[in-house]
Structures are given as C-alpha cells and as structure tokens.
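User: I'd like to learn how to read a few features off a protein model. Could you walk me through them, one at a time?

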Amino acid sequence: QVQLVESGGGLVQAGGSLRLSCAASGSIFIIISMGWYRQAPGNQRELVARITSGGGTNYADSVKGRCTISSDNAKNTFYLQMNSLKTEDTAVYYCYANIRTKLFGPRGLDYWGQGTQVTVSP
C-alpha cells in the first residue's frame, strides 16, 4: 500500500554534510508527521528529527543547530540536511511517516523506510 524509499547516506569526514531524502508513495490521504530515527551498533533507536504536516519540528538535543528537517508536501518527500557531522552521528538512519490512507479509514499508521547507513570518519 504505502512505501517509503530513502537515500542520501554514505561516508563523510567529520565536519562534512549529508542530505537524506525520503519519498512516500502509494495510497496516501494525508501524511500526519514524518522524520528520522537512527540506531548505532549496540544502541537504542532514537529520534533524530520530526516534522508535522503543519510545519512544526522537533530535534534531538544532540543534533540541534546542525540538522534541519524539511518537507515537500506536494511530492510527499521530506529531507534531513545534516551539517558539521560528528563521528557520534554514525548510525543507520530510518525514515518514517505516520500516514492516513483514506478519509474514512483508520487514523495514521506508521511506515518505515529501509534504512541508510551514515558513517562519519575522523
């Protein structure tokens, strides 16, 4: 029904930048919220950034001032711009979206991308 495809991960040196993209497709009535989680080896998955359809945003304390989440609602696509990357940012990043698929249907359900590896070298 709904599929999220993300891209933009890779290897970057500390201080560099990356831009992650996530495109949602399928049966979509409205995307209620969207964003990224990340998980480093041995660590718990944590929220990185989140944005609602109204434009409100939330960021993890560890990335505030360095990351910006944005969305192109017409294209059902959202982005995470990451600057001044640190080695601590190394993780698999998963995009997600809470989506309502029909007007007369269930409230928003969570969908996840396949994950993309971000590696920051010293």
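User: Let's start with charges. Which residue forms a salt bridge with Arg38 at 2.9 Å between the closest N and O atoms?

Analyst: Here's the general idea: side chains of opposite charge can pair when their charged atoms come close. The cut-off used here is a side-chain nitrogen of Lys or Arg within 4 Å of a carboxyl oxygen of Asp or Glu. In this case Glu46 is the partner of Arg38, with the closest N and O atoms 2.9 Å apart. One caveat on the source: this is a predicted model, where local features need pLDDT of at least 70 and side-chain atom pairs count only at pLDDT 80 or more, while totals for chains, interfaces and linings use all residues. Residues are numbered from 1 along each chain as its sequence is written, and side-chain values use heavy atoms, with hydrogens and water left out.

User: Is Arg38 buried or exposed?

Analyst: Arg38 counts as buried, at 7% relative accessibility, whereas Glu46 is partly exposed at 35%. The classes are: buried under 20% relative accessible area, exposed over 50%, partly exposed in between (1.4 Å probe, protein chains only).

User: And how many salt bridges does the rule give?

Analyst: The count comes to four. Asp89 also forms one with Arg38, the closest N and O atoms being 3.0 Å apart. That pair links distant parts of the chain: Asp89 sits in the loop between strand 8 (77-82) and strand 9, Arg38 in strand 4, and they are 51 residues apart. Strands here are DSSP runs of E with at least two residues, and helices are runs of H or I with at least four, numbered from the N terminus. Asp89 and Arg38 are both buried. Through shared partners, salt bridges join Arg38, Glu46, Arg66 and Asp89 into one network. Another bridge is between the side chains of Asp61 and Lys64 (3.1 Å, N to O), and Asp61 is exposed at 64% relative accessibility.

User: You mentioned strand 4. Which strands does strand 4 pair with?

Analyst: Pairing means that DSSP finds at least two bridges between two strands. Strand 4 (residues 30-39) pairs with strand 9 in the antiparallel sense over nine bridges, with Ile30 opposite Arg100. Six bridges join strand 4 to strand 5 (residues 46-52), again antiparallel, and Gly35 stands opposite Arg50 there. Strands 4 and 5 form a hairpin with six residues between them, and Gly42 in the turn has a positive phi of about 80°.

User: Next, disulfides. Which cysteines are joined by one?

Analyst: A disulfide is a covalent bond between the sulfur atoms of two cysteines. The test is a pair of cysteine sulfur atoms within 2.5 Å. A search of the whole structure finds one, joining Cys22 to Cys95 with an S to S distance of 2.2 Å. Cys22 is in strand 3 (residues 18-26) and Cys95 in strand 9 (residues 91-100), 73 residues apart, so distant parts of the chain are linked. The link of Cys22 and Cys95 is right-handed, with 50° about the S-S bond. Cys22 is buried at 0% relative accessible area, and Cys95 is buried at 0% too.
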